[in-house]
Amino acid sequence: MSLLPDRLEGGTPYPLGASFDGLGVNFAVFSANAEKIELCLFDPAGKREVARFVLPECTDEVWHGYLPNARPGLLYGYRAYGLYAPEQGHRFNPNKLLLDPYARKLSGPVKWTDALHGYPVRGRRADLGFDKRDSAPAMPKGIVTHDIFDWSRDVRPNTPWSETVIYEAHARGLTKLMAEVPPQERGTFAGLAHPKVIAHLKRLGVTALELMPIHAFVQDRFLQEKGLRNYWGYNSLNFFTPEPSYFAGDTQDELRVAVRRLHAAGIEVILDVVYNHSCEGSELGPTLCWRGLDNATYYNLVPDNPRHCMNDTGTGNGFNLNHARVIQMVADSLRYWTTSFGIDGFRFDLGLTLGRTEHGFDPNAGFFDVLRQDPVLGRVKLITEPWDVGWGGYQLGNFPPGFAEWNDKYRDTVRRTWRGDAGQRADLAARLAGSGDLFDRRARRPWASVNFLTSHDGYTLADLAAYEERHNEANGEDNRDGHDNNLSRNWGVEGDTDDAGVLETRGRVVRAMLTTLMSSLGTPMLVAGDEFGRTQGGNNNAYCQDNAISWIDWSLLETEAGTALTDFVARLIALRRTYAVLRAPTFLYGQDSPGHGVNDIEWWDERGEPLSAEDWENPEGRALSMRRAVRREDGAVEAINLLMNAGDEAIHFILPGVVVERVLLIDSARPDAEEEAIGDDYLLAPHSAALIRSVIDVSQ
């Protein structure tokens, strides 16, 4: 480190963070309520504080200073002075080293100790007390960076929403057990770009890789004390830094190269992001960053008792996305990931929280307006989880145009249907047709419904057909964590079995569900490993299982069953890609758009009869035929029938209409069957679905 000056120069309030300009580094950090902020510099090991400077200027509530001759690689943190008055919402404690919210790289992990708290943890006054211990030895430090990566020849896939198929995966778990990846790269960003990964994604035909959180996150203290780890990563420490443990080397370009290679293969990269809360927890949590810089501004506090955090997220705190500077932090983070790392879209965890105002959820909240008008962020894919645990915390279908939403009603209805529940026919029809009852407003399109059977949270698809009770004993919570109503069915045996009949039924149900998913209007999402039967042994809440329970077991892909199911999924995705009517860009309502008396969508029972009101409400009706039709460029009318038999007996389906040709495309009960010509009826096995293509005779 060069000779340090006695004081910092004034610098500028923009940009926020630590910015190297070739001659030095500008430091800028927001705090509306601080009285003074100090910049602390550390030795390269991050163990010894070597200098401390007061940030000399405060402009528009941004504290800033300039350090001449400083260079990238410098380790730093902040200390903030002000009121320690928890009952007023203020928790300034200069004894606590604070991470820069805009830090681009981190040195070291959080080392859990009571000194990280702003108050004596075991004191009689609880969080009203004031702790004087220095937390710096236990804190990670920010590292000054200077990003240079040539994106000029990168071509973003820009896959249209209506053609998008999402593959949800964990950056570590995806390759941790992939033998073809070099050992030092397994479970890292380098592994994401391995040719074996890309070849598998291309084989399936998916168009987007959605990664579970890769922002830097903390390992929860209570998990470490139980010998477990935070695997999922929904506990963010910083919104600008990739999780350090996911790197094989010491350069962040490793992630950029992975994204670049995925783009070259035509695959988009979407990030699951957690801006609704932080790792600092409730008012009893540690002081690591935002709490110490300006607790009263960054967090939603109970209005008449600001000592306490609002807990609409179920994690102890929630960010105040009604404040311009908090919105700016999130928008700057999103823009940084888009421009510096080439990210193509974002899925917002507990996205409802981001639209909360003092009056509840507002689809016109400022945060949403900022994203939609932004020239960078308005062009990427935006997906939201439309719920949280607060009042009015379920808003499926109520987000503004430009957002897609995880559709749990689709998930639950399809699960109930294939489990054999009564009375699902009418609701199933709505879900198959893109959930227009939820999304057809404000000129939104069917792609706004992200359809899924499973996600990281809950059972895998194989487990959904093998377990009726959760088996989360490994989590150390006496099997009381995780959902207790999974809408699953084990088909006669709980868990593993050698019973051929049970295995046959499970296989048919899984394939029927996959056929349903890929045949529905909306954006399908597949979870990594479901295409070849990955299991978590019935664990439906593997958030703390950074081990073989969660990691993708690629050896299953090499089994006969795994290969067959993967080929089946690839065929389904190929059919979806080939036949545009399976992914229609607009909602269908039985209109005569194809002409010649053929409607764009029509429904029949197994007899080939249109469904009456009584038929729709028949609780025992478990057969359904949905036909979608479109006029081709050559003038012919082409239709695709989805046949579904969720009952226990085989059914003869009568296929209505006069056709020139009729071809079976795929049958979940006969996964190896090639395309074949069929007549005016079709025998469909129980717990099965089939797709049939027809060219309708329009000469009649």
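## The open sheet

Strand E3 (residues 36–42) runs antiparallel to E4 and is joined to E4 by five bridges, where strands are DSSP runs of E with at least two residues, helices are runs of H or I with at least four, and both are numbered from the N terminus. Two strands are taken to pair if DSSP finds at least two bridges between them. Within this pair, Leu39 has Phe53 in E4 as its bridge partner. Strands of a sheet pair through backbone hydrogen bonds, either parallel or antiparallel.

The structure is a predicted model, in which local features need pLDDT of at least 70 and side-chain atom pairs count only at pLDDT 80 or more, while totals for chains, interfaces and linings use all residues. Residues are numbered from 1 along each chain as its sequence is written, and side-chain values use heavy atoms, with hydrogens and water left out.

E3 and E4 belong to an open sheet of five strands in the order E4-E3-E7-E11-E10, with antiparallel pairing. Strand E4 (49–54) and strand E10 (106–107) stand at the edges with a single partner strand each, so one side of each has no neighbour in the sheet.

Strand E2 (residues 24–30) is mostly covered, with seven of its seven residues buried; buried means under 20% relative accessible area, exposed over 50%, and partly exposed in between, using a 1.4 Å probe and protein chains only. In a regular strand the side chains alternate between the two faces of the sheet. In E2 both faces are covered, with Gly24, Asn26, Ala28 and Phe30 buried on one side and Val25, Phe27 and Val29 buried on the other.

Strand E1 (residues 17–20) is joined to E2 by four bridges in the antiparallel sense, and Gly17 has Ala28 in E2 as its bridge partner. E1 and E2 form a hairpin with three residues between them, and Gly22 in the turn has a positive phi of about 100 degrees. E2 also pairs antiparallel with strand E6 (residues 62–68) over seven bridges, with Gly24 opposite Pro68 in E6.

## Cysteines

A disulfide is a covalent bond between the sulfur atoms of two cysteines. With a disulfide taken as a pair of cysteine sulfur atoms within 2.5 Å, the count comes to zero. The closest cysteine sulfur to that of Cys289 is in Cys279, at 8.1 Å, which is too far for a bond. Cys544 is likewise in no disulfide, and the nearest cysteine sulfur, that of Cys279, is 18 Å away.

Cys289 is buried, with a relative accessible area of 0%, and Cys544 is buried with a value of 1%.

## Cavities

A cavity is a set of points, on a 1 Å grid over the protein atoms alone, where a 1.4 Å probe fits but cannot get out, and its lining residues have an atom within 4 Å of a point. Grid points are joined across faces, edges and corners, and a volume is the space filled by probe spheres set on the points. There are ten cavities of 30 Å³ or more, and the largest cavity holds about 160 Å³ of space. Of the 19 residues that line the largest cavity, His170, Met212, His456, Arg534 and Ser550 are the closest to its centre.

The second largest cavity holds about 90 Å³, and the residues that line this cavity include Thr417, Asp421 and Met644. Helix H9 (425–432) and strand E23 (623–631) each supply at least two residues of this lining.

Key. On a 1 Å grid over the protein atoms alone, a cavity is a set of points where a 1.4 Å probe fits but cannot get out, and a pocket is an open set with protein on both sides within 12 Å along at least five of seven lines; lining residues have an atom within 4 Å of a point.
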